[in-house]
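Here's a quick briefing to read with the structure open beside you.

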Amino acid sequence: MEANEIAKIAQIASALEVSGYPKPGNVHRTRDYDDMVFEDFVISGIVIGDTIREACTDVDVDNPKLGKYILQAVAETDRWIKNNTNLGIVMMTTPIAVAASISDSFDDIRENIKLLMGNTSVDDACDLYDAINIADAGGMGDQDEYDVASDNAKQELRENGQTMFDVLKISAPWDMLAREMTSDMPAVFEIGYPTYHKLREEKSQNDACLLTFLTILSHVPDTLISRKYGDEEALKISLMTRDLLKMKDSPDFIDRVSEFDDYMFKNKYNPGTTADLTAASIFVSYLKSHFE
């Protein structure tokens with residue numbers, strides 16, 4: 001698929017994800033937060049387009065420079081929005097996009113993600129750490145080993161030959177995005193994308209986005225909530241979401257979702273990782289449509 005087409009789809013996916021409402025606990029078109037608002041995410045989705053296009057042009061499979069492009073997209077976003085609006089989306093979207101650009105069919109994408117991630121370098125790892133620090137994203141790498149907040153982190157990465165895949169593998173137990181990127185993206189390709197792709201044939205785009213978000217959250221406890229409040233709280237939110245989905249065909253379902261959104265907002269439960277997985281799922285769904 002052509003780089004221009006992939007970049008447009010990445011921008012569309014970002015816009016559709018943030019527009020979906022009322023996605024419980026996240027910014028959406030009818031819910032702003034004190035530190036970031038709906039328009040921040042719309043702008044962020046637009047400004048990554050040029051970087052995605054560049055990443056998908058003349059790809060060197062042996063050295064795809066995924067970290068470079070993640071850093072470039074986050075730095076460009078930072079020029080426009082002084083918040084971490086899209087680090088996770090960029091981390092997920094970049095390897096999917098590059099994989100799509102070297103794939104002859106949709107069915108090749110997942111295997112090519114695995115190939116590209118396996119070919120990441122130490123430079124990619126250092127670039128990823130710079131991107132995380134620009135976005136000021138807490139949690140990913142804030143551990144004893146290769147702590148992203150450490151002044152010596154990049155030196156340690158180089159001394160120990162740690163690639164981007166290696167450091168994400170270390171983060172995988174406590175960060176869902178790292179887990180996805182190092183394990184062939186099961187939440188996206190086996191839960192999110194199939195759900196969204198089917199729903200958008202039957203529902204409005206908004207309902208497809210909302211239900212996909214809820215489906216992912218019901219299956220996968222959000223690791224952003226886990227890092228802030230603990231695994232038990234994250235599991236509790238997932239179980240509440242599962243119960244909510246049982247009522248998806250009831251006439252007052254949206255009212256119940258809105259109540260859940262209010263509850264999440266009041267208690268500061270922010271399933272931001274789920275939003276990133278939803279955006280990636282929408283991206284994959286539209287890629288499939290354009291491969292056909």
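Predicted model: local features only at pLDDT ≥ 70, side-chain atom pairs only at ≥ 80, totals over all residues.

**More on the cavities**

- Helix α2, residues 38-47, puts three residues into the lining of the second largest cavity, and that's the biggest share.
- By class, that lining splits into five polar and three nonpolar residues, with no charged ones.
- Counting cavities of 30 Å³ or more, the structure has two.

**The largest pocket**

- Sorted by class, the lining of the largest pocket has 20 nonpolar residues, plus twelve polar and twelve charged ones.

**The second largest pocket**

- You get about 230 Å³ of space in the second largest pocket.
- Around the second largest pocket sit Thr195, Leu199, Lys203, Asp207, Leu210, Leu211, Thr215, Leu245, Lys248, Asp249, Phe253 and Ile254.
- The elements giving two or more residues to this lining are α11 (186-202), α12 (205-219) and α15.
- Of these, α12 gives the most, with four residues.
- The class tally for the second largest pocket is six nonpolar, four charged and two polar residues.

**The overall fold**

- The protein chain has 16 helices and zero strands.
- Its radius of gyration is 18 Å, which agrees with a compact globule, because a globule of 292 residues would come in near 19 Å.
- Along the principal axes, the C-alpha atoms of the protein chain fill a box of roughly 55 × 45 × 30 Å.
- Take the contacts between residues at least 6 apart in sequence: 73% of them join residues at least 24 apart.

**Burial and surface**

- Of the 292 residues in the protein chain, 55% are buried.
- The protein chain exposes about 12,700 Å², and 46% of that comes from carbon and sulfur atoms.

Definitions and conventions
Residues numbered from 1 in each chain as written. Heavy atoms only, no water. Nonpolar A, V, L, I, M, F, W, Y, C, P; charged D, E, K, R; others polar. 1 Å grid on protein atoms, 1.4 Å probe; cavity = no way out; pocket = protein on both sides within 12 Å on 5 of 7 lines; lining within 4 Å. Points joined across faces, edges and corners; volume = space filled by probe spheres on them. Rg over C-alpha atoms; globule rule 2.2 N^0.38 Å. Buried < 20%, exposed > 50% of the residue type's maximum accessible area, 1.4 Å probe, protein only. Contact = heavy atoms within 4.5 Å. Areas by Shrake-Rupley, 256 points an atom, 1.4 Å probe, with all protein chains shown as cover.
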